[in-house]
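Below is a short report on one predicted model.

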Amino acid sequence: MLLNAHQNVFCRPEDQLSIILNNLPKFLKNYNNILDNINAKTAQQKEMFHYNQDDVLSCFKFLVIRALSKRQASDQPPIAAGTKDNAIINQAGLYKKIFPEAKL
């Protein structure tokens with residue numbers, strides 16, 4: 001709340017981004033399986049595109065950026081954005097890899 005009170009800082013009150021991170025690989029794996037099943041019944045193309053771990057991280061990065069950009073409109077855009085999510089500490093290395101410029 002203290003950070004969010006600053007006019008140039010936007011800090012979301014509470015996020016559970018680990019839920020997205022934990023479920024995104026399962027979602028993309030299921031999607032890959034659906035594509036394989038459809039392909040087996042139809043075109044039977046040899047080279048199917050499958051989502052992989054790099055895609056998981058790209059999607060997750062996009063979703064985190066979207067979450068941090070969702071705020072009430074104001075006259076001045078913030079110079080910094082943040083989130084309160086206690087689960088980030090368990091994945092600090094991953095966040096540092098995805099967002100090397102971030103301060104955790």
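Is Lys84 buried, partly exposed or exposed? Lys84 is partly exposed, with a relative accessible area of 43%. Buried means under 20% relative accessible area, exposed over 50%, and partly exposed in between (1.4 Å probe, protein chains only).

## Basis

The model is predicted: local features need pLDDT of at least 70, side-chain atom pairs count only at pLDDT 80 or more, and totals for chains, interfaces and linings use all residues. Residues are numbered from 1 along each chain as its sequence is written, and side-chain values use heavy atoms, with hydrogens and water left out.

## Salt bridge

Lys84 and Glu14 form a salt bridge through their side chains, at 3.1 Å from N to O. The term requires a side-chain nitrogen of Lys or Arg within 4 Å of a carboxyl oxygen of Asp or Glu. The count is one.

Lys84 sits in the loop between strand 2 (80-83) and helix 3 (92-98), and Glu14 in the loop between strand 1 (9-12) and helix 1 (17-41), so the pair ties together parts 70 residues apart in sequence. Helices (H or I, at least four residues) and strands (E, at least two) are DSSP runs, numbered from the N terminus. Glu14 is partly exposed too, at 38% relative accessibility.

## Contacts of Phe99

Phe99 touches Lys61, Val64 and Ile65, leaving aside residues up to four places away in sequence. Contact means heavy atoms within 4.5 Å.

## Helix 2

Leu63 belongs to helix 2. Leu63 is partly exposed, at 32% relative accessibility.
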